[in-house]
Amino acid sequence: MSKQILITGASRGIGYETAKYLAEQGCKVIIAARSEEKLKELADQYPNLITAISMDITDEENHQELVDYLHQTERKLDGIIHNAGLLINKPFKELTKNDWQQQLDVNVTAPSLLTKNLLPYLNNKSHVLNIGSMGGFQGSAKFPGLTGYSVAKGGLSILTECLGTELADEQISCNCLCLGAVQTEMLENAFPGMEAPVDPESMGKYVGDFVLTGHQFYNGKVLPVSLMDPS
Ligand SMILES: NC(=O)c1ccc[n+]([C@@H]2O[C@H](COP(=O)([O-])OP(=O)(O)OC[C@H]3O[C@@H](n4cnc5c(N)ncnc54)[C@H](OP(=O)(O)O)[C@@H]3O)[C@@H](O)[C@H]2O)c1
């Protein structure tokens, strides 16, 4: 039976390429992000495999739309990829409460609540995969302007370790891939002009393969996926 995977933040960048890769492997993929048109364009390329649900993951009311969809279609998920992310590049001294709140909301609170709300729709032996950052990996190099983002991704790393324990009885695994530089809009915002050693297509393949098989070997693990600094 084909695997059913939800991926957030699939309107561009790594999430977009991961969704394409998984569809090409024959998975049924639900893609979520705010940009309705971009999601529709991707879903139209894979009519029987990709379903688009436009939503802001930080608005918990929107989670109900996903729940309703899974309920009505009697579908259960084999994996969730919490890939949507927000990076506000600002010196620590200029970060406002709103900047902190937004980054924590998108990068930590929304994946936590979405996982909780979708628990009844996760199959046994399913995989919750968080997309973290080397900025949120303990002991990694840190960069000015990325404090709020790195702290939020650090929270996502610890969430992963907690869920690895807390969901084990339900036979649900949780892991976090802490990515290094990948050539996307987010990287251009964080490190303008930098050329990353990895393109989103290659990373999409890696993430797609990992969500399908990584939980056979790992649970509650925070794993660095980085070739170079800035990491
Ligand atoms: N690129 C890198 O070098 C790098 C390095 C380390 C970690 N990462 C992580 O990898 C993941 C993907 O990054 P990327 O580089 O592909 O980023 P990106 O190009 O900026 O894409 C971010 C995605 O997140 C979605 N998103 C943001 N806020 C959202 C919200 N409130 N609700 C729903 N969707 C939302 C965006 O869609 P909409 O705007 O349509 O909502 C978009 O699809 C992120 O978690 C990022 O932190 C990236």
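Tutor: Ring pairs link Y206, F210 and Y218 into a cluster, where rings of Phe, Tyr and Trp (its six-membered ring) pair if their centres lie within 6.5 Å, planes under 30 degrees apart counting as stacked, over 60 as edge-to-face and the rest as tilted. This is a predicted model, in which local features need pLDDT of at least 70 and side-chain atom pairs count only at pLDDT 80 or more, while totals for chains, interfaces and linings use all residues. Residues are numbered from 1 along each chain as its sequence is written, and side-chain values use heavy atoms, with hydrogens and water left out.

By the ring rule, the count comes to three aromatic pairs. F143 and F191 form an edge-to-face pair, with 5.3 Å from centre to centre and 90° between the planes. Because F143 sits in the loop between β5 (122–133) and α5 (147–166), and F191 in the loop between α6 (185–190) and α7 (200–213), this pair ties together parts that are 48 residues apart in sequence; helices (H or I, at least four residues) and strands (E, at least two) are DSSP runs, numbered from the N terminus. F143 is partly exposed, at 24% relative accessible area, whereas F191 is buried, at 19%; buried means under 20%, exposed over 50% and partly exposed in between (1.4 Å probe, protein chains only).
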